Amino acid sequence: MILPSGLALPPVEYAVALLGGTLVVTALLYALEPPVDQRTVVALTPWMALGGALHALHQPPIEAYRPVVAPLFGAPAVYLTTYVTLGVIWVALSLFSVRRGHSETISRNLGLVGTGFLTVVLVLSVIMALRSDLLALVWPTVSVTVAAVLAALTVLAVALWRTPVAVRMRYAAPTVVFAHALDGASTAVGADVIGVTERTPIPAAIMEFAASLPTAPYLGRGWLFVLVKLVVAVVIVVLLDDYLEEEPVEASLLLAVVTAVGLGPAANNIVLFLFTPV
């Protein structure tokens, strides 16, 4: 029991389409071999957040999608929907950039397109939320601010502890740490302030343990999950340092997956908070 509750496969026709699209774009990307490095990890972050945000709009009380497209944004279908969209644009950018002789711009442009999509989704979400609650931005803002501070302090600590690691992973390390800091901070806000029930068994178990400690009346139960997330992020960054130097493509893809595990749920939390009464 390590997967979150609420996972449900989409109808067969949607599943077949998503799996087919996933195989096609994966094959095309494998054939084109676009450059992948630490900058690619950064470029993929808005897409990771986009997947989480799109899934949030599928959940109660929002339920923003029409029935014909709603199955594409449930879990786990939304991950494939986002990946197929990302893959199509990545392939198009690769073909266009290679033709123009500027393959070094692929990651940058991929990040810009993803940022554009994410901005549109977030702006529309904020507009919808503010119509019913003028204080809708309070807890999302608190979560992001706390995460940014924690991530900055953690990266600084890593830089002082393992300076060569911080230098070599100057793009990937802050990205991974912030993604998991935001997941931890938003989860803690949801558990201790808003009263959201955690759907994933491992975080739920960690917070249940924290609730049994003498610190619970003062610090709540989410602080331990935040600490665990930061420690795990730092350990992964340090362990993958040599791997990134030896196998930059494989290590960068692995770091992207690690980032997505934190940033996707975090973005989901942030958008849901917009529609949670203060």
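Visitor: Where is the place of S94?

Guide: S94 sits in helix α3. Keep in mind as we go that this is a predicted model.

Visitor: Is S94 buried or exposed, and why?

Guide: S94 counts as buried because its relative accessibility is 3%, and the cut-off for buried is under 20%.

Visitor: Which residues is S94 in contact with, if we leave aside neighbours within four places in sequence?

Guide: With those set aside, S94 contacts L32, P34 and I106.

Visitor: Let's switch to charges. How many salt bridges does the structure hold?

Guide: There are two salt bridges in the structure. In general, side chains of opposite charge can pair when their charged atoms come close.

Visitor: What does D241 meet in a salt bridge?

Guide: The side chain of D241 meets that of R168, at 2.5 Å from N to O. This pair joins distant parts of the chain, with D241 in helix α11 and R168 in helix α6 (residues 163–168), 73 residues apart.

Visitor: And D241, buried or exposed?

Guide: D241 is buried, because its relative accessibility is 4%.

Visitor: Okay, which residue does K229 meet in a salt bridge?

Guide: K229 pairs with D183, and the N to O distance is 2.8 Å.

Visitor: Are K229 and D183 buried or exposed?

Guide: K229 is buried, and D183 is buried too.

Visitor: Now the surface. Which residues form the negative patch?

Guide: The negative surface patch is made by D242, E245, E246, E247 and E250.

Visitor: Which helix gives the most to that patch?

Guide: That would be helix α11 (residues 241–246), which gives three residues to the negative patch. E246 has its place in this helix α11.

Visitor: Why does E246 count as exposed?

Guide: E246 counts as exposed because its relative accessibility is 60%, and exposed means over 50%.

Visitor: New topic, the backbone. Which peptide bond has omega near 5 degrees?

Guide: The bond from P60 to P61 does, and this peptide bond is cis. P61 is in the loop between α2 (38–56) and α3 (77–100).

Visitor: And which one has omega near 10 degrees?

Guide: That's the peptide bond from A75 to P76, which is cis. P76 is found in the loop between α2 and α3. For background, most peptide bonds are trans, and most residues other than glycine have a negative phi.

Visitor: Speaking of phi, what is the value for E33?

Guide: Phi of E33 is near 50 degrees, which is positive in a residue other than glycine. You'll find E33 in the loop between α1 (12–32) and α2.

Visitor: E33, buried or exposed?

Guide: E33 is exposed, because its relative accessible area is 61%.

Visitor: What about phi of E63?

Guide: Phi of E63 is near 45 degrees, a positive value in a residue other than glycine. The place of E63 is in the loop between α2 and α3, where P61 and P76 are found.

Visitor: Last one: is E63 buried or exposed?

Guide: E63 counts as exposed, with 54% relative accessibility.

Terms used. Residues numbered from 1 in each chain as written. Predicted model: local features only at pLDDT ≥ 70, side-chain atom pairs only at ≥ 80, totals over all residues. Heavy atoms only, no water. Patch = residues over 30% accessible without salt bridge, like charges linked within 9 Å, V, L, I, M, F, W, Y side chains within 5 Å. Areas by Shrake-Rupley, 256 points an atom, 1.4 Å probe, with all protein chains shown as cover. Salt bridge = Lys/Arg side-chain N within 4 Å of Asp/Glu carboxyl O. Lys, Arg positive; Asp, Glu negative; His and termini not counted. Charge placed at Lys NZ, Arg CZ, Asp CG, Glu CD. Helix = DSSP H or I, 4+ residues; strand = E, 2+ residues; numbered from the N terminus. Buried < 20%, exposed > 50% of the residue type's maximum accessible area, 1.4 Å probe, protein only. Contact = heavy atoms within 4.5 Å.
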